[in-house]
Structure formats: structure tokens, C-alpha cells
Amino acid sequence: MLRTLSAPMQGGICAIQEDILRGRNVEHEGRPFSSTENLEAMMRKGAWFNLFCLDICMAGKSGMEFAWELRSWDERAGVFFITTAATHI
């Protein structure tokens, strides 16, 4: 069974990220995306990010697949993975 993060879980992770970065006085802007396709569409329009928090298991292209592609565009971007899939715990 494929499960992606629910909106409340996504919001909670964004809030934690916000607290950590703000607490370290790191200038940042966080944006949640519901799919890697939505993220790629924004990037094709010129948006760029330094750090990516990706769900390993997503409908369509997985976060893992996206990370492999990302490496061909930007080797320096940070990536960390989260998941609710028991197979990756």
C-alpha cells in the first residue's frame, strides 16, 4: 500500500523545520508540495531550493526518484527523506 504524508503531517514537519531554522537564525522560505510533479513544475518556472525534504513513497514519481534526478541538476542541494512506509523503517 502506498501512503503519502497527509496535509496535517506535512504541516507539522514544515512547522518543525521552521522552528529549527528560525532558532538558528537561518534565512529561509519553506514551501510544501503535494507531489514531485508539482515541485518540478515550480522549478521549471525558475524556483530553486537549497534543501529538499522528500517523502520516499509518493504517488507518481517517488521522492527517491526525484532525488536521483536532482543530483544531475544540482549536486550541492541538501536532501533528507521521510516516510510513513513500514518497508523503509
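Which pattern does the protein follow when read along the sequence? In this predicted model, the pattern is α-α-β-α-β. The elements number 3 helices and 2 strands.

Overall dimensions were examined next. The C-alpha trace spans about 40 × 30 × 20 Å along the principal axes of the protein. The radius of gyration is 13 Å. A compact globule of 89 residues would have a value near 12 Å, so the protein agrees with that expectation.

Of the 89 residues, 29% are buried. Among contacts with a separation of 6 or more, 55% join residues 24 or more positions apart. The accessible surface of the protein comes to about 6,300 Å². Carbon and sulfur atoms hold 56% of that surface.

Open space in the model was then considered. Rolling a probe the size of a water molecule over the atoms shows where empty space is left. The largest pocket has a volume of about 800 Å³. Its lining counts 31 residues, and the closest to the pocket centre are Gln17, Arg31, Leu51, Phe52 and Cys53. By residue class, the lining of the largest pocket divides into 18 nonpolar, 9 polar and 4 charged residues.

Two individual positions complete the description. Ala15 is found in helix α1. The relative accessible area of Ala15 is 39%. Ala15 is therefore partly exposed, as this value lies between the 20% and 50% cut-offs. Ala15 and Ala85 are 70 residues apart in sequence. In space, the C-alpha to C-alpha distance between Ala15 and Ala85 is 22 Å.

Asn25 lies in the loop between α1 and α2. The backbone angle phi of Asn25 is near 55°. This is a positive value in a residue other than glycine. Is Asn25 buried or exposed? The relative accessible area of Asn25 is 72%. Exposed means over 50%, so Asn25 is classed as exposed.

Terms used. Residues numbered from 1 in each chain as written. Predicted model: local features only at pLDDT ≥ 70, side-chain atom pairs only at ≥ 80, totals over all residues. Heavy atoms only, no water. 1 Å grid on protein atoms, 1.4 Å probe; cavity = no way out; pocket = protein on both sides within 12 Å on 5 of 7 lines; lining within 4 Å. Points joined across faces, edges and corners; volume = space filled by probe spheres on them. Nonpolar A, V, L, I, M, F, W, Y, C, P; charged D, E, K, R; others polar. Helix = DSSP H or I, 4+ residues; strand = E, 2+ residues; numbered from the N terminus. Rg over C-alpha atoms; globule rule 2.2 N^0.38 Å. Buried < 20%, exposed > 50% of the residue type's maximum accessible area, 1.4 Å probe, protein only. Contact = heavy atoms within 4.5 Å. Areas by Shrake-Rupley, 256 points an atom, 1.4 Å probe, with all protein chains shown as cover.
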